[in-house]
Amino acid sequence: MTAVRAPTAPGGVPAPVTRVARGRAGIVAVAVLVVLAAAPLFLAPFATTTLTRILVFALFAVSLDLLVGVTGLPSLGHAGYFGAGAYAAGWVSINVTAEAPVPLLAGLAVGAVAAAATGWVTVRSQGVFFLMLTLAIGETLQQVADSWESVTGGANGLTGVPAVRLAGAPLANIGFLYWYVLVFGVVGFAAVALVARSPFGAALRGIRDNEPRMRALGYSTSLYKYAVFVVAGGVAGLAGSLLVAQQRLVSPADLGFTTASFALLAVIIGGAGSLWGACLGAALVIVIRDALDLGGNGTLVLGIVFVLVVYLLPRGVAGLLPRGGRVSAPRRRRASAPPWRKGST
Amino acid sequence: MSFLAVRDLVSGYDRSTVLGGVDLALDRGATLGLLGRNGAGKSTLIMTLMGLVPPTSGSVQLDGVELAGRRPDVIARAGVALVPQGRRVWATLTVAEHLALASRRRGTWTVDSVLDLLPRLGERRGQYAAQLSGGEQQMLAVARALLTNPRLVLLDEPSDGLAPALVDQIGAVIATMCAEGVAVLLVEQDLHLAFEVAQEIAVMEKGAIVHRVPTAEFRLDPGTAHRLLGVT
């Protein structure tokens, strides 16, 4: 039998060394940011507005990806927190102040509080029950928005939201508004990326892949799922506050099933578990739905794209490239099991 | 009173009863080899002790604290660790992430000391678990259990599919755990490993422990081994 030593030295283990890959990803990220920052200087106003919508929807999709791709919780009610954040930011802008960052903080806080209020029930369920509970909560929030007319404006939505103000000046210019959304969108993205790559994020991925094993390691997995549900709700609320800054109107449709399903579509098309993939998916959804003149058939085209992606790219667009930025499965496993599908127990 | 005291433990799946009243005692630093034919209830006993299968009735006490019916995370925090059958490592996490996730309870075992014991993992710490060989995955499952600084380790067929040299290494790790005062319950099909590390052998049949003797005595009684296990 092999001789072994008793344990002696304390300490931790260094992080895995992937400096070259990280360096490349960093260069690409900086290049993308530079191009995005410069975009209003050479794009037409309509294109800049579309890009602004993409950024808003991308942050929303990224927050959903934290649930779907990183934790393995496929939600159909995430638009509820997105819309709640949008309503909160809009209401604060009308009734209190439109001075940044107040509407942003209001959106973030209300999104997180709404998720905290509803999450404890949902995260204790699994699979199709989780899906249906989140769907029910999203629909309930939409009904609340539809009927609480004195606050939400009812079916007409919350109109007359003033332009967000920065240091006293309103951001009425399309380009300035774009930069405002870009800055806070990047901050939100960075926050989600930090969570996904932290030890907390590793625990979430452990829960996604094999929850009973995480529990057998001493983790109270319900608490972890609840925590990430609240974080994702807060980021969705932040995205909602950016939405209202951009369109200066919120309607019950922004909380509804269609919005939630478009976000889920963006996550799966982009590649669940890949945060930048979710951004690409969001861009595709917004371009097909809003920007291209498809004679009212945008949703039909999106459906076809979704079916094609499921069959031809089961790991989404992100699966076409090596690991960069992905926080899901290594290549060998991903080929057969997308991360939003639960692993064995 | 024994460190681990299991009394009349009944458990199973849905309406099917697998464990029909298991009694078991284990002291600190002792290793019990649990043998039995397929379907005897060995893995169900392990899963029930870990809380992954809820017991129907009975008692499981660890150092006097009742654990039967508690959640797996509560049982794990009480000092019970599981090395499951089939390794069950997280394919999408790196070796380093596995070790970091497991290192939540302070104690004798640290990441450095575990890597001293299993140096191969140190060379692989940047790799995903799915990219490890079967033997390396088993080492990772053992390391994960050790890093919880357990007082009782449940090993479910740790030698399954491993080369003899790796089985020896698993045996060495178990011996080290015992020397540290950890109680070990080892479910095995590999009699060589069980005989090597266990002070006592117990045999399960139809959901109950039907035979328990010191290992040396069991080895000198091939007739019983043949009758209970079908081996010669």
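This is a predicted model: local features need pLDDT of at least 70, side-chain atom pairs count only at pLDDT 80 or more; totals for chains, interfaces and linings use all residues.
Chain A contains 13 helices and two strands. Of its 345 residues, 50% count as buried.

Ala106(A) belongs to helix 4 of chain A, which spans residues 102-122. Ala106(A) counts as buried because it has 24 C-beta neighbours inside 10 Å, where 20 or more are required. Leaving aside residues up to four places away in sequence, Ala106(A) touches Ala88(A), Ala89(A), Val92(A) and Ser241(A). The C-alpha atom of Gly90(A), 16 residues from Ala106(A) along the chain, is separated from that of Ala106(A) by 9.1 Å.

The two chains are brought together in the next element pair. Helix 8 of chain A (residues 199-216) packs against helix 3 of chain B (residues 95-102) at an angle of about 100°, and their axes are 10 Å apart. Helix 8 of chain A is therefore roughly perpendicular to helix 3 of chain B. From helix 8 of chain A, the residues in this contact are Pro199(A), Ala202(A), Ala203(A) and Gly206(A), and they meet Glu97(B), Ala100(B) and Leu101(B) of helix 3 of chain B.

Within chain B, four strands form an open sheet in the order 2-1-4-5, with antiparallel pairing. Strand 2 (16-26) and strand 5 (65-66) of chain B each have a single partner strand and stand at the edges, so one side of each lacks a neighbour in the sheet. Strand 1 of chain B (residues 4-13) runs antiparallel to strand 2 of chain B, and eight bridges join them. In this pairing, Val6(B) lies opposite Leu24(B) of strand 2 of chain B. Helix 1 of chain B (residues 42-50) lies across strand 1, strand 2 and strand 4 (55-62) of chain B, and runs at about 75° to strand 2 of chain B.

A parallel pairing is also present in chain B: strand 6 and strand 7 (residues 152-156) are joined by four bridges. Val80(B) has Leu152(B) in strand 7 of chain B as its bridge partner. Along strand 6 of chain B (residues 80-83), Val80(B) and Leu82(B) point one way, Ala81(B) and Val83(B) point the other way, and all are buried.

Key:
Residues are numbered from 1 along each chain as its sequence is written. Chains are lettered from A and ligands numbered from 1 in the order in which they are written. Two strands pair if DSSP finds at least two bridges between them. Two residues are in contact if their C-beta atoms, placed from the backbone, lie within 7 Å. Axes are lines fitted to C-alpha atoms, for helices over the stretch in contact, and angles run from 0 to 180 degrees between N-to-C directions. A residue is buried if 20 or more other C-beta atoms lie within 10 Å of its own, exposed if 12 or fewer, and partly exposed in between; C-beta atoms are placed from the backbone. Angles under 35 degrees count as roughly parallel, over 145 as roughly antiparallel, 65 to 115 as roughly perpendicular and the rest as oblique.
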